[in-house]
Amino acid sequence: MKMLLVILRKEFQQIRRNPAILRIIFMMPAVQLLVLPLAADYEVKNVNLCIVDQDHSSYSQLLLTKLAASEYFIIKDVADSYDEALGSIEKDEADIILTIPPHFEKDLIKENGSELSLAVNAVNGAKGNIGASYAVNIINEYNQEIREQLITMPKVNPVPVINVTYSNWYNPGMSYTLFMVPGILVILLTMVGSFLSALNIVHEKEVGTIEQINVSPIKKYQFILGKLIPFWIIGFIVLTIGLGIARFVYGIIPEGNIGLIYLFAAVYLLALLGIGLLISTIAESQQQAMFISFFFMMIFILMGGLYTSIDSMPYWAQVITWFNPVKYFIEVMRMIVMKDSSFSDISHSLLIIGIMAIVFNTWAVLKYRKRV
Amino acid sequence: MYQFLVFVRKEFYHIFRDRKSLLIIFALPIAQMLIFGFALTNEIKNTEIAIMDGANDEASHNLIEELNASRYFEIVATPNTIDEIDKAFKADEIKLAIIIPPQFKENLLHNNSASIQLLADATDPNTATTLEVYAGSVIRDYQNNANGAFKLPYTITNEIRMLYNPQLKGAYLFVPGVMGMILLLISAMMTSISIVREKELNTMEILLASPLKPMVLILSKAVPYMVISLINVSTILIISVTLLDLPINGSIFLVLGVCFLFITTALSLGLMISNITDSQQTAMFISLMGLMLPTLILSGFMFPIENMPVPMQVLSNIVPTKWFFIIIKDVMIKGLGFNSVWKEILILFGMTVFFLTISWRKFKIRLE
């Protein structure tokens, strides 16, 4: 025990001696958490329309007014021909071209129907699809209004109509910061935790001090614990700063028990530090450690469910996400912050992360012994 | 010139002696492109939902069948109370619940109107909206089919064409984005420690005593990494086109030229980081932690830039990947030419010059 304290003091001194890195460790996540969530919003809104109105009738005018009045659309451009309109899609100035054909009004009244054409920039397929659905909804409403003008509708609908009502639970204001801040905090914590520990031990290898430690009477587990504990504490500080920013800057107050977040984080950090240790026992240089961390970090981040839905991934990719600690923490964080989920709701994830912590640390210690 | 070549050769030796690092540098982008290219998509499919069927009649059964048959949804729960729905949301088992009221069929038949309630887990607002839009359209289709041949008068039909990406593949958006991100980070990370390592290992003095000009010295360090990055670009492009089915609708030479320019930008960024830091750890921290999330979030492939608040839009301009993403998307997918992207190319070029100038300035100070 005394030995462990001595090592811990040495580690803390080492960390303190490099104030530049310490500043970066705390500043970088804080600044990113302050800035990035503001940019992370992929709600489909502000869909830019380019209109090609070849009819110039009162009906076409009415349709345009309706589109412009909706919260989703901005009429960005009016073109004389489709080809001209295509230019504004190429320049990314418009997302959808709506062409109103000549005789639109006349056909609708005389021929009992007419056709509009929508050309959608679908490079971003999901956005294009949703933008088009919005447009179709508005056109349908408009169509209904015209019918009501033209024919006296009977009191009861002529055909069965299903009305759909929507309610959004847990986040009725559909706030993106509420959704993003906890997720980004998890990612920043993950980077700090695993990257720091990965670099640290391999650094000792590179400058040769690890040999001194190996010949000293320190036991291996003491050495590993001596490395883990300071980073564990740093992780907690980063988490606390992050939750503070969430609370005081974004006004996010967890619905659930904040103690649960810390409980989960305690186990989670152990798992991360284990991954870091493992990387540092495999890598021969800091550069290698950095590249390996980068590789896993990209996978953890992009496949953590923060940016794209895991449900939609192919099955093999979902299997990969089972081994992604970030996925579990993001889920748990959101559950506690937004849904007031209880211990029993998160116990399953906690168990998995606990197993990861044990596996990675054991693996790292075994691997480390073999090398000495 | 001869001395420059000798230096370059020395740097090559340094790098190629470390087989393991090389293997990592070449294998990482390939693995990442394959995983992300196939896995990332923002379309919705097989989302787990719950249906609370209060009617349990023919019409509700038909509707449920329709919902289950659509590729968007998978019905995993049939709760009986709102409380059960709340529980399922809290345990993260479902993302959407659809409530069909009692007497659904009767209401449809006799009143010609019935209502359906959709409850979404809006923790993720984007998924919630998308699911609501899709569920709404499945229900509308169901209703239209149920109405059969009855055609309403004065109907406007919509002809919808999806330009550039008719199958709405997620890869068209994510592959160019991930490509830019991987290239930027790997290239910048490689050079970010090149000079600071010399400082840390005290070999800097020896370098400074050499007769080479600082700029030449910096360049000689960048050349081998340039070669490595070019190999990476080629493998990434080959994978995108052959395995991920990304088209090259524009000029392939323009694509290659832009990739070359972008690597140069990224390598210069790394050199600059290397010149302004004092330790390898700091350099790595900045190049990995400092670049990863800002690049991911601000480059425009994950989150549309036009949605961002104005200060963020301004900030996004300093992210090199943003410009690369725009160019690649325009040239590869939209098939546009140099005339449409020269502005973005100029910006990347300007950034490169800026990074190199800072590197050079900082490097010179140390000489004195």
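Buried area is the accessible area, taken with a 1.4 Å probe, that two parts lose on being put together, summed over both. In this predicted model, the area buried between chain B and chain A is about 11300 Å², with 65% of it given by carbon and sulfur atoms. Tyr154(B), Ile156(B) and Phe285(B) supply 8% of the area that chain B buries against chain A, more than any other three residues. The contact (heavy atoms within 4.5 Å) takes 124 residues from chain A and 122 residues from chain B.

The model is predicted, and local features need pLDDT of at least 70, side-chain atom pairs count only at pLDDT 80 or more, and totals for chains, interfaces and linings use all residues. Residues are numbered from 1 along each chain as its sequence is written, chains are lettered from A in the order in which they are written, and side-chain values use heavy atoms, with hydrogens and water left out.

Between chain B and chain A, the count is six salt bridges, a salt bridge being a side-chain nitrogen of Lys or Arg within 4 Å of a carboxyl oxygen of Asp or Glu. Lys339(A) and Asp92(B) meet through their side chains in a salt bridge, at 3.2 Å from N to O. Polar contacts (pairs of N or O atoms within 3.5 Å; within protein, one must be able to donate a hydrogen and the other to accept it, and residues adjacent in sequence count only if both atoms are side-chain atoms) link 33 residue pairs between the two chains, both residues at pLDDT 80 or more. Helix α12 (residues 280-298) of chain B gives the largest share of the side of chain B that touches chain A, 16 residues; helices are DSSP runs (H or I) of at least four residues, numbered from the N terminus. By class, this side of chain B has 70 nonpolar, 29 polar and 23 charged residues, where Ala, Val, Leu, Ile, Met, Phe, Trp, Tyr, Cys and Pro count as nonpolar, Asp, Glu, Lys and Arg as charged, and the others, Gly among them, as polar.

Glu198(B), in helix α8 (residues 194-200) of chain B, is buried because its relative accessible area is 11%. Its side chain makes a polar contact with that of Lys221(B) at 2.7 Å.

How values were computed:
Helix = DSSP H or I, 4+ residues; strand = E, 2+ residues; numbered from the N terminus. Buried < 20%, exposed > 50% of the residue type's maximum accessible area, 1.4 Å probe, protein only.
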